[in-house]
Amino acid sequence: MRPIAFALALFLAAVAGNGAAPAQQDPVSAWAGIPEAEVRLIAGHVRGEGDMLGLHFVLADEWKTYWRSPGDAGLPPVPDWTASSGLGRADLAWPLPERFDYYGLTTYGYHGEAVLPVRIERAPGEITRIRLALSYAACAEVCVPIEAELALDLPAGPLAENRHGAAIASALARVPEQSPSGLTVETLSAEGGELAVSFGTARPLSEPDLIVEGPRDLYFHNPRCEAVDLVTRCRMAIGGARDDTALEGTRLILTLSGRDYAAELPAVVGKR
C-alpha cells in the first residue's frame, strides 16, 4: 500500500472506530426572504436555557426590520409553527430594539444583523421537524411585506454548544429583564397631552430611555428622560383619539433602558 493511501486508511479507521459519535450537522435552515432582508433558522444549546432556536436576519445597508411593537409604521415578525412536529412551545424573545426617526415617524427595530431568540420545548428522544411560516416586513425608502417558509430538522437528543448557540445567547442577553426587583413605577399619569412617569431604580441610570406600548389607537412620541440618583423621570407626547381622563386605567408596558441596562414591566395609568 502506498504511504499516502495507508495514512488515509488509518485516519478513516480512527474516525470510524472506538465508538466515536458522528459530529452533528450544522443546525441551520436555508435562507429565505428577499435579498435585502434575508432570514434563516439557527439552533444550538444555550447554557442555563437548553436547546434554543434563533431567527437570524441579515439586512442590507439602509434596510431594517421591526420589533414586536413597530411604532408609527411597519409590521412585527409573526411566526406560525403549527406545521412543525415534535415541537411543544416556541416563545419568541425580543432584544432591546433601536429607535429609527424618519420624516417625523418613529419606529423600533433592528438593522444590519439581528438574532431573535426562541425558547422551545422538544419531544424527548424524537427528531424535531421545524416548519415555520414567518411573516415580517423590511423597510428602506419603501416597505416590503415578506412571507418566508423555513424548515429545519433537529436530531433526537440535546444539541451541541455551537456558534449558533453562542449567537442566540448573545441576543438573549440583550432582552430586557421582566419586572426585576429594584425597579418600581412610582407615578404614571397623563397630563396636558403628555405621559409622565417616574421610576425608582436599584442603581442610577446613565443615558435613560423609555419605550411605551399601549392600545393601538395611541402613539407615544420620543421621551425626555432624566435620571437623578435612584429616580428616573420621563415625559412624552401622546397622539391618538383619547383625552387625558380617558387614559386613566389604561394598561401599558414600559421598557426602561440605559447604558448596560434594560427592563420592562406593566403599569396602569393613574389619576393626576
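At 2% relative accessibility, does Cys 234 count as buried or exposed? Cys 234 counts as buried, where buried means under 20% relative accessible area, exposed over 50%, and partly exposed in between (1.4 Å probe, protein chains only).

The model on display is predicted: local features need pLDDT of at least 70, side-chain atom pairs count only at pLDDT 80 or more, and totals for chains, interfaces and linings use all residues. Residues are numbered from 1 along each chain as its sequence is written, and side-chain values use heavy atoms, with hydrogens and water left out.

**First stop: the disulfides**

The torsion about the S-S bond is 115°, and the link of Cys 225 and Cys 234 is right-handed. Cys 225 is partly exposed at 23% relative accessibility.

Next, select Cys 139 and Cys 143. A disulfide joins this pair, with an S to S distance of 1.9 Å. The torsion about the S-S bond of Cys 139 and Cys 143 is about 115°, so this disulfide is right-handed. Cys 139 is buried, with a relative accessible area of 1%, whereas Cys 143 is partly exposed at 47%. A search of the whole structure finds two disulfides, and with bonded cysteines counted along the chain their pattern is 1-2, 3-4.

**Second stop: a sheet and a helix**

Colour the model by secondary structure; helices (H or I, at least four residues) and strands (E, at least two) are DSSP runs, numbered from the N terminus. Select the open sheet of five strands, whose order is β1-β2-β3-β9-β6 with antiparallel pairing; two strands pair if DSSP finds at least two bridges between them. Its edge strands, β1 (32–34) and β6 (87–92), each pair on one side only. Neighbouring strands in this sheet are turned by 30° against each other on average, direction ignored. Axes here are lines fitted to C-alpha atoms, for helices over the stretch in contact, and angles run from 0 to 180 degrees between N-to-C directions.

Ile 34 stands opposite Ala 37 in β2.

A search of the whole structure finds 15 salt bridges, each a side-chain nitrogen of Lys or Arg within 4 Å of a carboxyl oxygen of Asp or Glu. Select Glu 161 and Arg 47, whose side chains meet in one of them (3.0 Å, N to O). Glu 161 lies in the loop between β11 (143–154) and α2 and Arg 47 in the loop between β2 and β3, so the pair ties together parts that are 114 residues apart in sequence. Arg 47 is exposed, at 69% relative accessibility.

Move to Glu 207 and Arg 259, which form a salt bridge at 2.4 Å, N to O. Glu 207 is in the loop between β14 and β15 (209–213) and Arg 259 in the loop between β19 (251–258) and β20 (261–268), 52 residues apart. Glu 207 is exposed at 52%, and Arg 259 is partly exposed at 48%.

To finish, select Glu 191, Glu 194, Arg 224 and Arg 235, which salt bridges with shared partners join into one network. Within this group, the closest N and O atoms of Glu 194 and Arg 224 are 3.0 Å apart.

Technical notes. A disulfide is a pair of cysteine sulfur atoms within 2.5 Å.
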